[in-house]
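Let's take a walk through this model together. Please have the structure open and follow along as we go from one element to the next.

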Amino acid sequence: MNPKWWKESVVYQIYPISFKDSNGDGIGDLRGITSKLDYLKDLGVDVIWLCPIYKSPNHDNGYDISDYCDIQQQFGTLEDFDRLLREVHARGMKLMMDLVLNHTSNEHPWFLESRSSEDNPKRDYYIWRKGKNGGPPNNWESYFSGSVWEYDETTDSYYLHLYAKQQPDLNWDNPAVVEELHKMVQWWLKKGVDGFRFDAIAHIVKAQGLPDAENPDRLPTVRAYQLFSNLDKVHTLLQNLNDQVLYFYDIMTVGETSGLGPQQALDYVGDTRRELNMVFQFEHMYLDAASPGSGKWEIKPWNLLELKKVMSEWQTVLHNQGWNANYLGNHDQPRPVSRFGNDLHFRVPSAKMLATFLLTLEGTPYIYQGEEIGMTNPYFDSIEDYRDVETLNFYHEMREKGVPEEEVMKAIRKKSRDNARTPMQWDNTEHAGFTSKGTPWIEVNSNYMEVNVAAAQKDPDSIYHYYKTLIALRKEHKALVYGEYKLLLPLDPEIYTYTRTCEDEKLLIILNFFDQKPVFEWPEELNSDGAKLLISNYKPVPEEEIRKLQLRPYEARVYLLS
């Protein structure tokens with residue numbers, strides 16, 4: 001079982017720019033977060049994960065850092081951060097930082113020096129190459145479209161950026177870079193932070209020699225993830241970081257590692273690996289896409305059998321060997337209720353069903369701000385309403401290729417990262433109570449009059465109160481944290497059901513993922529006598545036949561079996 005505090009915790013992710021504005025400038029900030037700590041404590045969360053708050057030009061909403069040891073002015077000051085950290089700890093909660101170690105901003109002092117001349121001492125802090133045949137050094141495609149190479153005329157060279165051109169990749173082959181990053185991580189740990197989410201950590205090593213990817217169709221750029229994702233040396237570098245810095249602090253760590261399955265994940269999170277506590281996997285995020293990465297815009301219907309297969313493999317392979325990080329949404333993904341639920345006719349029951357799923361799997365659950373009130377994807381008419389650099393790049397690239405406007409916008413409304421980045425909906429006043437007098441940096445979702453925290457807190461049957469109950473149940477039942485997961489009815493296309501078993505405690509979870517009314521037949525191997533219903537998103541039917549349950553649309557039930 002190997003008990004750890006971070007296994008028993010529930011994490012709440014905050015996207016600071018959209019959470020709460022305290023000074024009326026339309027931008028969320030640290031004082032705004034501090035003002036809502038009692039709300040988070042009341043919800044029952046244990047750890048707050050802050051998306052980047054470091055000094056940044058904000059080309060990618062803070063994931064382009066220009067100073068790792070200072071706070072972005074729009075969010076506040078280091079004193080504001082210190083106060084936030086004190087107040088979090090005073091409430092018995094912990095604070096996890098989001099740290100980008102793969103790249104910096106092109107306005108970081110290191111990069112400004114690096115680009116200034118070929119013989120600058122910091123030249124090799126980044127990855128520079130001369131062009132080839134009148135073009136970039138290789139044919140790799142950026143996650144944000146186009147080439148990973150940007151030409152810089154100062155030294156007639158190209159620098160590598162896996163993401164936006166304003167985010168040059170650091171050169172982890174340079175020991176001086178590694179030493180600088182280790183010192184910086186330790187600086188935050190000495191401040192008292194309780195952990196890190198390591199952004200894009202799977203990409204810190206690139207294939208030796210930076211070779212071209214196979215390109216049978218002779219495209220200008222090709223997806224070359226196998227040449228810069230999850231390469232062997234990543235593990236050596238993480239073990240060194242752990243042994244030299246992280247090991248000396250009682251913290252939690254989670255890595256963003258796209259493109260791997262559970263067996264590969266054990267290389268990061270295996271109990272004997274000395275690397276990370278857990279990783280975010282992306283396989284379930286690809287179920288409605290033609291392919292990973294930039295293929296996310298090519299939308300296809302997802303199906304439950306594939307979801308069961310992906311989640312069950314992660315649940316079973318990592319059991320007693322590593323640990324899962326479970327999520328259905330975050331700052332980079334559409335709202336779960338709009339993606340896996342039904343945000344039109346069954347928003348409340350489907351949001352509750354998805355919450356039941358998230359909080360009854362083995363692994364640490366991550367709730368993204370607004371999920372606890374069932375926030376949905378917004379409907380924006382125009383590309384002018386969007387702010388996300390990935391979305392804007394995709395739009396312009398598709399329009400230049402002649403793809404019709406409405407076809408492009410249809411994909412954007414489904415998959416843009418801005419779906420999750422609209423301001424938190426606190427109440428039904430102007431701008432949803434996110435800001436008192438400013439204009440929000442991005443428009444508020446138009447449904448804020450009905451979907452907001454104030455209304456949810458007053459309604460005992462709300463999604464918010466359901467989350468509170470679920471979080472409390474997870475703390476009460478050891479099986480929901482450490483219990484072994486066993487999938488039942490693997491081929492049922494509508495019902496997802498499984499058991500969680502720890503010592504003499506067994507729970508049965510039943511989830512109807514769609515709007516039909518299938519019948520759940522109690523499995524023969526499970527005794528229904530004395531089964532106790534712990535939580536459901538519908539009121540139980542009086543004297544119902546438990547062995548043949550007619551499930552209602554998006555119904556969720558959790559039973560404690562005797």
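We begin at a hairpin: β14 and β15 have six residues between them, and here Leu-489 takes a positive phi near 50 degrees. This is a predicted model, in which local features need pLDDT of at least 70 and side-chain atom pairs count only at pLDDT 80 or more, while totals for chains, interfaces and linings use all residues. Residues are numbered from 1 along each chain as its sequence is written, and side-chain values use heavy atoms, with hydrogens and water left out.

Strands are DSSP runs of E with at least two residues, helices are runs of H or I with at least four, and both are numbered from the N terminus; two strands pair if DSSP finds at least two bridges between them. Leu-487 has Tyr-498 of β15 as its bridge partner.

Stay in β15 (residues 495-502), where you will also find Thr-499. Thr-499 is buried, with a relative accessible area of 3% (buried means under 20%, exposed over 50% and partly exposed in between, with a 1.4 Å probe and protein chains only). Leaving aside residues up to four places away in sequence, Thr-499 touches Glu-484, Tyr-485, Lys-486, Leu-488, Lys-506, Leu-507, Leu-508 and Leu-526, where contact means heavy atoms within 4.5 Å.

Now turn to the open sheet, whose eight strands are paired in parallel in the order β11-β10-β9-β5-β2-β1-β13-β12. β11 and β12 (325-326) stand at the edges with a single partner strand each, so one side of each has no neighbour in the sheet. Within the sheet, β5 (residues 94-100) and β9 (residues 195-199) pair in the parallel sense over four bridges, and Val-100 has Asp-199 of β9 as its bridge partner.

Next, look at two helices. α7 (residues 262-269) and α8 (residues 304-318) pack at about 45 degrees, with their axes 9 Å apart. They are therefore oblique to each other, since angles under 35 degrees count as roughly parallel, over 145 as roughly antiparallel, 65 to 115 as roughly perpendicular and the rest as oblique. Pro-262, Gln-263, Ala-265, Leu-266 and Val-269 of α7 make the contact with Glu-313, Trp-314, Val-317 and Leu-318 of α8.

Finally, the loop between α7 and β11 (278-280) holds Thr-272. Thr-272 is exposed, with a relative accessible area of 71%. Thr-272 and Gln-321 are 49 residues apart in sequence and 8.7 Å apart in space, C-alpha to C-alpha.

Terms used: Axes are lines fitted to C-alpha atoms, for helices over the stretch in contact, and angles run from 0 to 180 degrees between N-to-C directions.
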